[in-house]
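Hi,

Here is the structure I promised to pass on. Have a look first, and my notes follow below.

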Amino acid sequence: MIAKIISGKKTAGLIRYLFDTKKAKDHTDPHLVASWDGFAPDPGRSDDPDVTRKLLVADLDLHVKQVRRLGRAPEKHTWHCSVRAAETDRVLSDEEWADIARRIVAATGIAPVGDPDGCRWVAVRHAPDHIHIAATKVRADLRTARHWNDYLTADRELAAIEKEYGLFRVVRGDRTAAKRPTRAEQEKARRAGQDKTAPERLRATVRTAVAAASSMDEFLHLLSHLDGVLAEVVYFPSGDVRGYKVALADDAGSPIWYSGSKLAPDLSFPKIQERLENIEPHPTDQPGRRRPDPWHQATAATERIPHRLAQNHDEASQAHLAAFGEALDALPLLAPHPLRPQLREAATAFERATRSRIRAEHHHARALRGAVRAMLREPAPKDGAALAMLLDAALLVVIAAARWHELRHHDQQVAAAHQTLIHLQAAYEQTAAAPLAALAQRRPPQQTVDRHIRHLRQAVPDHAEQITEDPAFDALTAVLAAAEAAGHNPERLLRQAADQRTLDDTRSPARTLAWRIERLSARPAPSARARAAQARSVGAQCRIAGPVQISAASPSSQQTQARRR
């Protein structure tokens with residue numbers, strides 16, 4: 001159910017409209033379903049509707065006229081609330097609509113429950129799917145009704161009504177969404193042949209600049225050098241930076257300027273500054289040390305986000321979601337051209353899921369932010385495997401984000417995450433196809449494959465059968481064979497990859513393991529000395545554990561005992 005509330009100056013005009021059937025052709029059988037005392041005159045059930053309508057207006061205006069004589073009547077004394085059911089909802093009875101009307105006027109402060117001095121109101125039904133509540137704002141004690149935030153309180157009550165009546169549950173916001181385009185902005189964009197309005201285009205541009213910048217100076221520099229965008233820095237009288245504003249250079253007529261806070265709550269100058277102050281610097285080249293791959297670092301930081309969201313630290317979780325949103329904003333700059341439309345749509349959709357009423361503590365997400373900036377400053381890999389690995393991890397983040405928001409009743413953010421998943425999955429399928437096909441062509445001999453199947457059954461027994469039947473299994477065996485040739489232990493790599501994140505919610509566990517092992521095997525393999533030291537450490541632990549554990553767990557010990565028997 002959706003409510004719309006407006007105030008007006010003329011009670012007679014409002015009542016005339018609600019009971020009109022001549023000009024308003026969609027009005028059928030207008031009549032009262034409820035009123036302040038249950039005895040209000042009903043023009044819809046009267047033999048002389050014109051006279052009854054005047055009586056109803058006089059009754060509603062009684063207290064307004066009294067305070068008007070005292071010289072303190074509110075300028076807009078009428079309160080008009082329309083409540084509409086969803087198209088898929090059943091047709092409600094007059095009694096049900098009457099109950100809904102009473103709950104709305106009580107929740108909004110127009111006529112609180114048990115208050116004999118509440119405002120006068122009526123609920124009119126002139127269509128099957130909605131009602132109109134008309135009230136005057138002056139109470140019987142001649143005070144003006146206290147109905148601040150009436151839209152929010154009405155919406156909250158409608159959410160409860162939907163649940164109790166079994167109606168369609170409307171996706172509701174938390175007042176952290178960007179402003180919706182006005183009709184004038186939409187018409188202007190349509191005339192210009194644009195599919196998005198000026199604020200929407202500017203919002204996407206500014207978000208991309210934030211994702212690419214490492215400091216406020218760099219952010220302002222990027223804004224001032226973007227094609228098609230006008231940018232100005234706003235200063236305090238002291239000379240300090242107060243904020244910024246942007247406009248489209250191709251806007252017809254004089255440019256229309258938008259401050260960052262008008263584009264979105266998290267694009268204000270202070271909010272951007274807070275994020276850009278929490279970026280982990282990328283390591284510089286050092287003699288004798290291999291420079292870390294920013295794509296691998298970004299993927300590793302992304303893979304850790306679902307685990308972070310599962311912890312009881314909402315402020316840190318919100319920070320990780322904001323940083324992940326910046327990573328999605330940056331990906332269209334790094335991806336091949338065919339992938340950019342889907343990635344832009346994914347970033348635009350997830351933008352709503354990056355904000356909530358929870359204040360983010362951005363220092364928790366420094367690693368991902370720093371890795372993304374480093375990615376933008378280096379040539380993008382050409383084989384597509386690095387992007388596929390990052391997108392594979394990103395899919396799990398979006399699923400985890402939807403669950404996190406759902407537990408906190410962030411309805412709009414949940415819907416945004418689900419929409420993001422569609423575009424991100426499409427981009428991932430397109431990205432992963434070529435690298436996986438190339439890996440599958442390097443499938444090792446069957447003897448090696450059989451050995452890796454045994455490793456799978458030891459490392460991930462619950463998923464072994466599913467993995468071997470996965471279409472990406474050949475690619476996984478190729479990755480395991482390459483890792484083994486580089487000196488890595490395949491079974492240990494499988495355990496490490498499986499421990500990073502559960503495989504229960506992945507569409508293709510073999511594909512997920514292949515990307516994780518590809519990243520893990522990029523690290524230098526342990527030397528012979530390190531492996532020997534690790535073996536001695538394991539042996540020492542076994543001796544400390546004692547013979548009881550060995551005899552209970554060791555298959556070789558059991559076989560020896562069987563031979564003795």
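Starting with the strands: S4 and S5 (residues 130-136) run antiparallel, joined by 5 bridges. Strands here are DSSP E runs of at least two residues, helices are H or I runs of at least four, both numbered from the N terminus, and two strands pair if DSSP finds at least two bridges between them. Ala-123 sits opposite Ile-133 in S5, and S4 and S5 make a hairpin with 2 residues between them. S4 (residues 121-127) also pairs antiparallel with S2 (residues 31-35), over 4 bridges, where Ser-35 faces Val-122 in S4. As for cover, 7 of the 7 residues in S4 are buried (under 20% relative accessible area, 1.4 Å probe, protein chains only).

A word on provenance: this is a predicted model, with local features needing pLDDT of at least 70 and side-chain atom pairs counting only at pLDDT 80 or more, while totals for chains, interfaces and linings use all residues. Residues are numbered from 1 along each chain as its sequence is written, and side-chain values use heavy atoms, leaving out hydrogens and water.

There's also an open sheet of 3 strands, ordered S6-S7-S8 with antiparallel pairing. S6 (229-235) and S8 (258-259) are the edge strands, each with a single partner, so one side of each has no neighbour in the sheet. S7 (residues 241-248) pairs with S8 over 2 bridges, and Lys-245 stands opposite Ser-259 in S8.

Last one: Arg-203, in helix H7 (residues 198-212). Arg-203 is buried but has no salt bridge, and the nearest oppositely charged side chain, Glu-351, is 4.6 Å away; the salt-bridge cut-off is a Lys or Arg side-chain nitrogen within 4 Å of an Asp or Glu carboxyl oxygen.

Cheers

Note on methods:
Buried < 20%, exposed > 50% of the residue type's maximum accessible area, 1.4 Å probe, protein only. Lys, Arg positive; Asp, Glu negative; His and termini not counted.
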